[in-house]
Amino acid sequence: MARRSKEEAQETREKILDAAIEVFHKHGVSRPSLTEVAKLAGVTRGAVYGHFENKADLFSALTSRIDLPDESLCQAELEDICDPLGELRNRWLSLYQNVATNHQWQLIFEVLLLRCELVPESGGIHQRCAEGHREGTRRLRKLVEGAVRMGQLPEDLDIRAAVPILHSSLFGLLHDWLMNPKDYDLAEVGERQVNAIIEMLRTSPSLRQGAIPA
């Protein structure tokens with residue numbers, strides 16, 4: 001009986017999360033109430049609060065269903081990676097493939113990048129994104145430094161400039177595709193983007209240490 005109750009509680013939680021995706025995707029984060037989420041999920045408002053403290057808590061749980069861009073850049077232990085540039089490339093392409101083929105991932109990323117207003121209710125998820133960005137920056141920097149040490153990238157690469165360029169390229173293509181997903185194949189264009197960026201890191205004079213902006 002206890003096991004069944006636990007399973008039912010988990011099913012209710014997943015129903016609430018499924019409903020939250022639809023509600024936040026349609027109305028944004030700040031406007032809808034948890035009552036609207038409960039109604040769509042077919043549960044009481046009390047049931048929602050039985051699983052989630054508030055809207056920010058619900059939103060954070062919702063995003064746990066996916067890998068945020070910074071979190072997916074490198075999930076392996078950095079010291080165990082023998083091909084840092086290959087790891088970066090594979091993680092990047094895997095993220096694009098998941099967003100392009102998984103409808104739920106696409107909806108969640110649309111909410112994150114297009115419909116998440118900067119209001120108190122969404123403060124929790126903005127904090128998570130900020131923390132993920134800091135950790136992602138650290139890991140990405142370690143991967144780039146490893147690629148330089150192993151001769152995959154030039155010794156004089158300006159890593160301080162390269163890391164934010166990599167970050168902005170990742171988020172930029174995701175945002176652009178989510179605005180008009182029928183315009184092109186994200187996985188296909190994403191692969192060409194990653195190849196082009198690696199070529200840029202290897203050859204661009206503007207990314208060498210001591211380069212002076214034109």
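Helices here are DSSP runs of H or I with at least four residues, and strands are runs of E with at least two.

**Figure 1. Overview of the predicted chain.** The model is predicted. Its secondary structure comes to 10 helices and 0 strands. From the N terminus on, the elements run α-α-α-α-α-α-α-α-α-α. The chain has 214 residues, of which 42% count as buried. Contacts between residues 24 or more positions apart make up 72% of those with a separation of 6 or more.

**Figure 2. Confidence along the chain.** The average pLDDT of the chain is 85. A score of at least 70 is reached by 86% of the residues. Among the elements, helix α10 (residues 186-203) has the highest mean pLDDT, 96. Helix α5 (residues 69-72) has the lowest, 57. Where pLDDT is low, the predicted coordinates should not be read in detail.

**Figure 3. Helix α4 against helix α7.** Helix α4 spans residues 55-63 and helix α7 spans residues 103-114. They pack at an angle of about 130 degrees. Their axes are 10 Å apart. The two helices are therefore oblique to each other. The crossing of α4 past α7 is left-handed. On the α4 side, the contact uses Phe59, Leu62 and Thr63. On the α7 side, Ile108, Val111 and Leu112 meet them. By class, this contact has 5 nonpolar residues, 1 polar residue and no charged ones.

**Figure 4. Helix α7 against helix α9.** Helix α9 covers residues 159-179. The axes of α7 and α9 come within 10 Å and cross at roughly 110 degrees. An angle of 65 to 115 degrees counts as roughly perpendicular, and α7 and α9 are therefore roughly perpendicular to each other. From α7, the contact draws on Gln106, Phe109, Glu110, Leu113 and Leu114. From α9 come Phe171, Leu174, His175, Trp177, Leu178 and Met179. These residues divide into 8 nonpolar, 2 polar and 1 charged.

Figure 5. Glu110 is found in helix α7. Its relative accessible area is 8%. Buried means under 20%, so Glu110 is buried. Leaving aside neighbours within four places in sequence, Glu110 is in contact with His25, Arg115 and Leu178.

**Figure 6. Helix α9 against helix α10.** The axes of α9 and α10 come within 11 Å. They cross at roughly 165 degrees. That makes α9 roughly antiparallel to α10. The crossing of α9 past α10 is right-handed. Helix α9 contributes Ala162, Ile165, Leu166, Ser169, Leu170, Leu173, Leu174 and Trp177. Helix α10 contributes Leu186, Val189, Gly190, Gln193, Ile197, Met200 and Leu201. The contact divides into 12 nonpolar and 3 polar residues, with no charged ones.

Figure 7. Ser169 lies in helix α9. Its relative accessible area is 17%. Under 20% counts as buried, so Ser169 is buried. Not counting residues up to four places away in sequence, Ser169 touches Trp92, Tyr96, Gln193 and Ile197.

**Figure 8. Close-up of His51.** His51 has its place in helix α3 (residues 45-51). It is partly exposed, with a relative accessible area of 27%. Leaving aside neighbours within four places in sequence, His51 is in contact with Ala9, Thr12, Arg13, Ile16 and Asp57.

Figure 9. His126 lies in helix α8 (residues 123-149). This histidine is partly exposed, with a relative accessible area of 28%. His126 and Ser60 are 66 residues apart along the chain. Their C-alpha atoms are separated by 9.4 Å.

Note on methods. Residues numbered from 1 in each chain as written. Predicted model: local features only at pLDDT ≥ 70, side-chain atom pairs only at ≥ 80, totals over all residues. Heavy atoms only, no water. Axes fitted to C-alpha atoms, helices over the stretch in contact; angles between N-to-C directions. Parallel < 35°, antiparallel > 145°, perpendicular 65-115°, else oblique. Left-handed = near helix turned anticlockwise from the far one by under 90°. Contact = heavy atoms within 4.5 Å. Nonpolar A, V, L, I, M, F, W, Y, C, P; charged D, E, K, R; others polar. Buried < 20%, exposed > 50% of the residue type's maximum accessible area, 1.4 Å probe, protein only. pLDDT = per-residue confidence, 0-100.
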